[in-house]
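Here is a short briefing for a reader who is meeting this structure for the first time. Please look over the sequence and the model before reading the points that follow.

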Amino acid sequence: MTTTERPAAGTARGADPAPPPPGGVLWTRAGDVRSLLTLPAAFTLQVAHPAVGAGVDQYSVFRTDPWGRGERSLRSVQLWVYGGDEAAAEGRRVRRVHREIQGTDTRGRRYHSLDPACYAWVHATGFPVALYAGRYLFRRISPANERQLYQEWLRVGRILGLRDRDMPQTVEEFWPYYRRMLAEEIEPTAVARELVATDVALPRPEGGGPLVRLLLRLTWPALRAAFLRFRAFVTVGYMPPEARAAIGLEWSPAQERRLRRFSTAVRLLVPVLPERLRYLPIARAARARWHAAAR
């Protein structure tokens with residue numbers, strides 16, 4: 001048994017950790033389509049850790065199957081929050097697929113993907129990105145809701161097998177940990193640089209019917225260039241400034257103005273969309289079950 005597979009403190013041995021509560025801050029935001037815009041920044045901050053970047057560089061299929069990998073990762077994240085009884089099972093599956101990921105990072109240190117030092121960082125990155133990007137895409141949350149969101153983030157961490165001692169247990173303890181990681185560990189790894197590059201190879205999506213595949217084949221060079229520019233824009237834009245600085249990413253006042261205009265349009269448009277367009281499928285189904293039970 002690896003250290004990350006022991007029950008978290010406060011969880012009875014043999015009992016599955018509970019996912020975040022329905023109606024909470026994370027429940028409200030994680031399934032909203034606006035959350036999709038924040039994922040590239042969180043992923044890039046994850047792989048800026050030397051060990052995480054080395055593992056993704058060596059083992060991930062993000063270069064050869066980016067669309068499939070993205071779909072699988074998004075489904076996994078949604079299950080951690082909205083999966084109910086499936087959440088803990090998905091957390092166990094995630095640990096199983098990471099058991100064999102190990103090697104040497106860019107600083108010559110041996111790593112294993114389930115070592116708490118890097119496994120906790122992968123989970124932790126979503127919190128500062130969610131807070132920072134949320135100011136643009138949602139509404140700025142109160143200090144009380146920030147603390148609530150962090151406690152819900154810890155609950156997801158337990159689903160992933162993190163013990164309470166692997167992460168700071170309060171939001172006040174989190175920020176010194178976060179700043180220390182940025183100062184001592186985070187660097188512009190090869191994978192992090194690749195994720196904000198606009199001139200890298202990107203295979204076209206293969207889904208859809210014959211007409212969709214034909215249109216993609218004909219238009220992919222232009223779509224690929226536009227997508228890579230947009231990905232770089234939201235990745236750097238929604239990343240907290242101190243994280244940008246740690247990775248060495250540049251951001252101009254003109255880009256900030258563009259981001260604010262874009263974010264305002266998204267923030268005003270999405271809330272007026274019908275539920276089937278506003279929420280991702282797993283979140284939408286969970287919300288429907290919750291509302292039905294409440295009625």
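The protein contains 15 helices and two strands, and the model shown here is a predicted one. Its average pLDDT is 92, with 95% of the residues scoring at least 70.

**Overall form**
- A compact globule of 295 residues would have a radius of gyration near 19 Å, and because the protein has 19 Å, the two agree.
- Taken along the principal axes, the box filled by the C-alpha atoms of the protein is roughly 55 × 55 × 40 Å.
- Among contacts in the protein with a separation of 6 or more, 76% are accounted for by residues 24 or more positions apart.

- Of the 295 residues, 47% count as buried, while the protein exposes about 15,000 Å², of which carbon and sulfur atoms supply 57%.

- Arginine 140 sits in the loop that runs between helix H7 (126-137) and helix H8 (143-159).
- The relative accessibility of arginine 140 is 63%, and because exposed means over 50%, arginine 140 counts as exposed.
- Arginine 140 and leucine 74 are 66 residues apart along the chain, and their C-alpha atoms are separated by 24 Å.

Definitions and conventions: Residues are numbered from 1 along each chain as its sequence is written. This is a predicted model: local features need pLDDT of at least 70, side-chain atom pairs count only at pLDDT 80 or more; totals for chains, interfaces and linings use all residues. Side-chain values use heavy atoms; hydrogens and water are left out. Helices (H or I, at least four residues) and strands (E, at least two) are DSSP runs, numbered from the N terminus. The radius of gyration is taken over C-alpha atoms; the globule rule is 2.2 Å times the number of residues to the power 0.38. Buried means under 20% relative accessible area, exposed over 50%, partly exposed in between (1.4 Å probe, protein chains only). Contact means heavy atoms within 4.5 Å. Accessible areas come from the Shrake-Rupley method with a 1.4 Å probe; for residues, only the protein chains shown count as cover. pLDDT is the predictor's confidence in each residue, from 0 to 100.
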